[in-house]
Structures are given as structure tokens and as C-alpha cells.
Amino acid sequence: AVQTGIAAFISSSALVIMRSLGHTAGEYAVLFAIVASGHVIGAIASSRLVMRLGIDRMIRTGSVLACLSGIVAAGLGWAGVDHAAAIVAPTFVYMFATALVMPHATAAALSPFPKIAGAASSLLGFVQYALGSVISYVLGALYDGTQRPLTTAIGLMGMASLLVYLFLVRPIAASERRS
């Protein structure tokens, strides 16, 4: 789910930031780079923290951050805050959070299938790209001249990430700790 929020931003942010908010292509490039740096910084932090915190705690922390930052982005969008910072700042945090979730969730998802890890990885990638394609299409169809569809999608994907953690990942991790 958290990956789909990235697809939402990549597919819709240029339209929103340039057409809706009136920024130039050069300004958009800088704003996009700021958001993308959130993922880079998150990846650095994630690689340094995972051995100390563990996979479950990394996924939980990232899911909570993705949910909160997504809610902030959606809230600002629906409040009519028409400023690039209202999209860029919470999405920077969302991207940071995705770097805490994605590599560890992927590792956790593939670990039960060591003999077919390649096929399992391919299936996981296919599902992520398929969801990204769907969200891109939906955002294009829902574009209304505002940032609301984009920020709502990011908010929903952040909430979905937390719900997946709470109802799927956490119960599995808890049962493994008891074993």
C-alpha cells in the first residue's frame, strides 16, 4: 500500500504543482527532488536502524509515519491550502516512511518462500506496479484542478499501510515471537 502512495505522487504531482499551483518546470524539479530526498534519507536511516530496532519495529514506525503524514497531506488539501509546501512537506515525510517500510516488508514477505524467492519477488513487483497503474489512472480521471485527489490518495495509502501492518503483519510477527 505504501508503494502506491509513491506512484500517486510520481504520476500526479507534476500536473498538480505546475498546472494547479502555477509553478514552472524548473521549480517542480526542485520540489520533486526535495520529496525524493525524503526517500534517500529514509533509506540511510533504515539501513542504520534495522539491526537495532528489528524488522517489525521498522515496519510499524514507517507505517505510522506514512499514515500521519498522509493524513496531514490530505487534510491540508481538503482545507484548501494551495501552496506547494502543503504537498511537499508531508510527502517528504511520507517518502521517508516508505524507506522504513518497503525493504523490510519485502524481506519479511519473501522469507517464507526461500526456494521460490525469485517468483515471489516477481509477483510482489507485479502487484505493486499494477496498483501503481490503477492509482495513476484513477488520479488522472479524478483530477479537478486541485491537489485534493493526489493528497487524498497519499492519505489513503498511508492509512492502508498502517492497517496492513496492524491486521496482517503484527499478528504474524506476534505468532512468530511466541514460537
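**Exercise 1.** In this predicted model, work out how H2 is oriented relative to H3, and which residues bring the two helices together.

*Solution.* Begin with the geometry: H2 (residues 25–53) and H3 (55–78) pack with their axes 7 Å apart, at an angle of about 125 degrees. Then turn to the residues, where Ser-46, Leu-49, Val-50 and Leu-53 of H2 meet Ile-55, Arg-57 and Met-58 of H3. Sorted by class, this contact has five nonpolar residues, one polar residue and one charged residue.

**Exercise 2.** Determine whether H2 and H4 run roughly parallel or antiparallel, and describe the contact between them.

*Solution.* The axes of H2 and H4 come within 7 Å and cross at roughly 30 degrees. Angles under 35 degrees count as roughly parallel, and H2 and H4 are therefore roughly parallel to each other. As for handedness, H2 passes H4 in a right-handed crossing. The contact draws on H2 residues including Leu-31, Val-35, Gly-38, Gly-42 and Ser-46, and on H4 residues including Val-88, Phe-92, Met-95, Ala-99 and Pro-103. By class, the residues of this contact divide into 16 nonpolar and eight polar, with no charged residue.

**Exercise 3.** Carry out the analysis for H1 and H2, from the crossing angle to the make-up of the contact.

*Solution.* The axes of H1 (residues 2–20) and H2 come within 10 Å and cross at roughly 155 degrees. Because angles over 145 degrees count as roughly antiparallel, that is the relation of H1 to H2. The crossing of these two helices is right-handed. On the H1 side the contact is made by Ile-6, Phe-9, Ile-10, Ser-13, Ala-14, Ile-17 and Met-18, while H2 contributes Ala-25, Tyr-28, Leu-31, Phe-32, Val-35 and His-39. Of these residues, eleven are nonpolar and two are polar, and none is charged.

**Exercise 4.** Describe the largest pocket by its volume, its lining residues and the helices that supply them.

*Solution.* Now assign the lining to helices: H1, H3, H4 (84–110), H5 (117–142) and H6 (148–178) each supply at least two residues, and the largest share, eight residues, comes from H6. Finally, sort the lining by class, which gives 19 nonpolar, seven polar and two charged residues.

Note on methods: Residues numbered from 1 in each chain as written. Predicted model: local features only at pLDDT ≥ 70, side-chain atom pairs only at ≥ 80, totals over all residues. Heavy atoms only, no water. Axes fitted to C-alpha atoms, helices over the stretch in contact; angles between N-to-C directions. Helix = DSSP H or I, 4+ residues; strand = E, 2+ residues; numbered from the N terminus. Parallel < 35°, antiparallel > 145°, perpendicular 65-115°, else oblique. Left-handed = near helix turned anticlockwise from the far one by under 90°. Contact = heavy atoms within 4.5 Å. Nonpolar A, V, L, I, M, F, W, Y, C, P; charged D, E, K, R; others polar. 1 Å grid on protein atoms, 1.4 Å probe; cavity = no way out; pocket = protein on both sides within 12 Å on 5 of 7 lines; lining within 4 Å. Points joined across faces, edges and corners; volume = space filled by probe spheres on them.
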